[in-house]
Amino acid sequence: MCLWGLGEQADRRAVGTTLYAAFERHGWPSRAPSDRREYLALVHEANAAQNRAVRRQAIETAEILNRAGASFVFLKGANWLLEVPEVQ
């Protein structure tokens, strides 16, 4: 499979942002097409914006639940998504 076939597989499996981050961290292959770099950068930024929005909404929800005195935890799959320290 060529490098850009790998990129297509990453799109299908929704790991394009991880592929982009790995290339940014370890260096892009010298023959990487600029349009593919731009596409992966666009997907990466869109994902980051969505994550920021989810975090803002989770914090707003946490504030409401804290004011109501409710105990809670946010989960995503089997992983912690966000932990807000108790307000004393």
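In helix 2 (residues 16–26), the buried residues are Gly16, Thr17, Leu19, Tyr20 and Phe23. Viewed down the helix axis, these residues lie within an arc of 160°, so they line one face of helix 2; the arc is taken over the directions from the helix axis to the C-beta atoms. Buried denotes under 20% relative accessible area, exposed over 50%, and partly exposed in between (1.4 Å probe, protein chains only). Thr18, Arg25 and His26 are exposed residues on the face turned away from the buried side. Gly27, with a positive phi near 100°, follows helix 2.

The model is predicted: local features need pLDDT of at least 70, side-chain atom pairs count only at pLDDT 80 or more, and totals for chains, interfaces and linings use all residues. Residues are numbered from 1 along each chain as its sequence is written, and side-chain values use heavy atoms, with hydrogens and water left out.

Three aromatic pairs are found in a search of the whole structure. Rings of Phe, Tyr and Trp (its six-membered ring) pair if their centres lie within 6.5 Å; planes under 30 degrees apart count as stacked, over 60 as edge-to-face and the rest as tilted. Two of the pairs are tabulated here.

| Pair | Centre distance | Plane angle | Class |
|---|---|---|---|
| Phe23 and Trp28 | 4.7 Å | 40° | tilted |
| Phe72 and Phe74 | 5.5 Å | 65° | edge-to-face |

Phe72 counts as partly exposed at 30% relative accessibility, whereas Phe74, at 18%, counts as buried.

Notes. Helices (H or I, at least four residues) and strands (E, at least two) are DSSP runs, numbered from the N terminus.
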